[in-house]
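Colleague: Hi! I'm new to this one, could you walk me through it?

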Amino acid sequence: MKRTVHSLIILLATTFTFGQVQAQTFVTEADTVEMTLYKNLEVLYNNITVTKSDSIKIDWKVKSHNFPTSWGALGHLGICDNNSCRDNSNNQLLDGTTHTSDKYAPNVKGDFHFQMVAYNDASIIPGTYYATLTLKENGGTYEKDITFIFNKWGTNVGTYGKNTDNNITMYPNPARNELNVTYSKDMNVKGISVYNLVGKQVSNYRVNGTSAKLDIDNIPSGIYFIRLTDNAGQVVATRRFTHQ
């Protein structure tokens, strides 16, 4: 009987050891960061902080993206870690190649950012695009994914800019069945469209007045964008929400 109990204890201890979640060794400022492009050069940060007592290197690669060819052209994008910036020579940033940073010191916010040259270049196609990167401790097992999201609108809607977004209220967020959106009268909003992360429209609504209640019950859970358009069909603002 004692031998049986002893064996059971060993089995439970072994199962717990192999089943436990790997310890977190670094954190980023967010899982998802987003920006709308307004200038020729835009930089979107998602910096890294090491949470263990020793310095570590980070292996990183682009796991998935929906950039058009023009966005990945040489000179149009770059990714920088704590020591160096890499451009997309030979498509090295978008083809899944793994890159390794120098060491990040513990408990210090270390640089990690995406840079885009995307607004003033006419070859860059407007739209909403994303890149998801996998970050992994070099020589370790802990890893996490982070997503960078970029919006670029045509020059004919650039005058709305960031100030227009401040006139929009969206609740609740995250949302389950309905999403309420309110906006200022001078925006002249006549339509609201919902898009997923890869830029596919999943629903569209005609609206009047200064508020709308969107039925989102039938769309899958995930991260989405709403685009507000005027009576000419031009995008005047975009916002992100999460559907639970």
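Predicted model: local features only at pLDDT ≥ 70, side-chain atom pairs only at ≥ 80, totals over all residues.

Colleague: Good. How many helices and strands does the chain have?

Modeller: There are two helices and 19 strands. Both are DSSP runs numbered from the N terminus, helices being H or I with at least four residues and strands E with at least two.

Colleague: And how much of the chain is buried?

Modeller: Of its 244 residues, 44% count as buried. Buried means under 20% relative accessible area, exposed means over 50%, and partly exposed is in between, using a 1.4 Å probe and protein chains only.

Colleague: What share of the contacts comes from residues 24 or more positions apart?

Modeller: Such pairs make up 65% of the chain's contacts with a separation of 6 or more. A contact here is heavy atoms within 4.5 Å.

Colleague: On to sheets. Which strands form the open sheet, and in what order?

Modeller: Three strands form it, in the order S13-S14-S17, with antiparallel pairing. The edge strands, each pairing on one side only, are S13 (169-171) and S17 (211-215). Two strands count as paired if DSSP finds at least two bridges between them.

Colleague: By how many degrees are the neighbouring strands turned?

Modeller: On average by 15 degrees against each other, ignoring direction. The axes are lines fitted to C-alpha atoms, for helices over the stretch in contact, and angles run from 0 to 180 degrees between N-to-C directions.

Colleague: How many bridges are there between S13 and S14?

Modeller: Three bridges join S13 to S14 (residues 178-182).

Colleague: Switching to charges: how many salt bridges does the structure hold?

Modeller: It holds seven. The cut-off is a side-chain nitrogen of Lys or Arg within 4 Å of a carboxyl oxygen of Asp or Glu.

Colleague: Take Glu29 and Lys109. What does that pair tie together?

Modeller: Their side chains meet at 3.0 Å, N to O. Glu29 is in the loop between S1 (26-28) and S2 (32-36) and Lys109 is in S9 (residues 109-110), so the pair ties together parts 80 residues apart in sequence. Glu29 is partly exposed at 45% relative accessibility, whereas Lys109 is exposed at 53%.

Colleague: Which residue forms a salt bridge with Arg240?

Modeller: Glu34 does, with the closest N and O atoms 3.7 Å apart. Arg240 sits in S19 (residues 235-243) and Glu34 in S2, 206 residues apart. Both are partly exposed: Arg240 at 29% and Glu34 at 28%.

Colleague: What about Asp81 and Arg86, buried or exposed?

Modeller: Both are buried, and their side chains form a salt bridge of 2.9 Å, N to O. Asp81 lies in the loop between S6 (77-80) and S7 (85-87), and its relative accessibility is 2%.

Colleague: Which residues does Asp81 touch?

Modeller: Besides Arg86, its contacts include Trp60, Thr100, Tyr104 and Phe112, not counting residues up to four places away in sequence.

Colleague: Last topic: how many residues are in the largest nonpolar core?

Modeller: It has 30 residues, and Phe67, Phe112 and Phe150 are among those with the most contacts inside it. S11 gives the largest share, four residues. A nonpolar core is a set of buried Ala, Val, Leu, Ile, Met, Phe, Trp, Tyr and Cys residues joined through side-chain atoms within 4.5 Å.

Colleague: What does Phe150 contact?

Modeller: Leaving aside neighbours within four places in sequence, its contacts include Met35, Leu44, Phe67, Trp71 and Phe114. Apart from that core lies another, of 22 residues, including Ala175, Val207, Ile226 and Phe241.

Terms used:
Residues numbered from 1 in each chain as written. Heavy atoms only, no water.
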